[in-house]
Amino acid sequence: MSGADAVRSGEKATSLRYSLMDLARSLDDVITLGRGDPDLDTAAPILDHALKQAAAPATWSLADERRGLSALRHGIADRLRRERNVDVDPDREIVITNGGQEALFLSMMALVEPGDRIACPDPRYTSYDQAIGAAGGEILSVPTGGDEPFELSADALRKHAAGAKLLIFVNPSNPTGACVGADGVRELAKAARELDLLVLSDEIYEDIVFDDRPFLSFMATEGARGRTVLLSGFSKSYAMTGFRVGYLVGPPPFIEAVSAIKATTSGPCPLLSQQTALAALEVDEDPRGAFLEIYSRRRRLLLDGLAAMNISHGPHGGGLFLWADVSRFGIGAEAFCYRLLEETGVLTFPGNSFGDRWANWVRMSVLASEEQIVEALRRMTGFVEGLDAE
């Protein structure tokens, strides 16, 4: 897929999702199971700590502006070392961004030249299409599946990514919720070395992994450091979407390139947002475990509800989304989502807004309260019974 086609594809998919959201805003009593923004509140201890920092004399310096607060970069490096077995230089290998979305676009601007081929999993979040297209790159779609449905595999990479410069690896996956285990990550890293691929490892959902699965950062695999950029942030793990704090970890030349682009475009991430992210790393009451328990209960309700409706789904190991197969209704995912919203007030997103091949799949999120999920499932049950009777 050429750069121009990638931009058009991404815009078309995004437009479909926004069309459904516009319709939802015109309706009453809508339950949102579509969007990816955490509905939980940022933990109070984090906000309290951040406000105390904001009230203190400013510690911002010219040296901090391009790459972010030194204290925050050092805090991220410490967390990576303790939790991910990744040892990086916070002064030379980390840059703070205005959320994960900016981190993605900055990465493509720094890594991709016009005509470069970029290997991407299929299905995928279509902001990648837009970012790659904006940089002039061409997309090589790599099918997910095989022995582990919807997981990106080393075999698929070897078969479909020949000639690519860069691999986009998102783990856990948006939109499918598939989570590649440690052995699979190591095999992907081996294949990337064989193919001489750079790797952008999007680990924004790293803390939302279910069933006690161990999570292995791509950057922690053998030989990955010099060829890997890690993308993550605070939006999902800490329910801090509105603060817009992401970060990139990578080799010093990459970080320098990203910092130079950022200095002439968006500038530094706001100081208060960075102070809040630093508070998330420093407070004694780490909220991530409690958030995961909440998401786990919601996930179980959705999985059980889909089973009761005889709607199959892809294996779900992590992240905030489930990937459901609605092919048995014979109307396609787009019609399914529009009718579900119009007739019941439940918002979901069709699979073809994440890739043309997925016209019979629907993405649902765990980002509603348990009470809302129970009610949404009740409404959906009546809806699918009506479809079965048609």
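Which residues are exposed on the other side of helix 2? In this predicted model, they are Leu51, Lys52 and Ala55. Helix 2 itself covers residues 44-55, 12 residues in total. From its first C-alpha to its last, helix 2 reaches 17 Å, close to the 16 Å expected at 1.5 Å a residue.

The buried residues of helix 2 are Ile46, Ala50 and Gln53. Viewed down the helix axis, these buried residues fall within an arc of 55 degrees, so they line one face of helix 2. Their packing partner is helix 10, residues 271-282.

Helix 13 comes next. Helix 13 runs over residues 370-389 and has 20 residues. Its reach from first to last C-alpha is 29 Å, close to the 28 Å expected at 1.5 Å a residue. Buried in helix 13 are Ile373, Ala376, Leu377, Arg379, Met380, Phe383, Val384 and Leu387. These buried residues pack against two other helices, helix 11 (288-308) and helix 12 (333-344). They also pack against strand 1 (31-32), strand 10 (346-347) and strand 12 (361-365).

Cys269 is buried, with a relative accessible area of 2%. Cys337 is likewise buried, and its relative accessible area is 0%. The structure holds 0 disulfides, a disulfide being a pair of cysteine sulfur atoms within 2.5 Å.

Notes:
Residues numbered from 1 in each chain as written. Predicted model: local features only at pLDDT ≥ 70, side-chain atom pairs only at ≥ 80, totals over all residues. Heavy atoms only, no water. Buried < 20%, exposed > 50% of the residue type's maximum accessible area, 1.4 Å probe, protein only. Helix = DSSP H or I, 4+ residues; strand = E, 2+ residues; numbered from the N terminus. Expected span 1.5 Å × (residues − 1). Contact = heavy atoms within 4.5 Å. Arc of directions from axis to C-beta.
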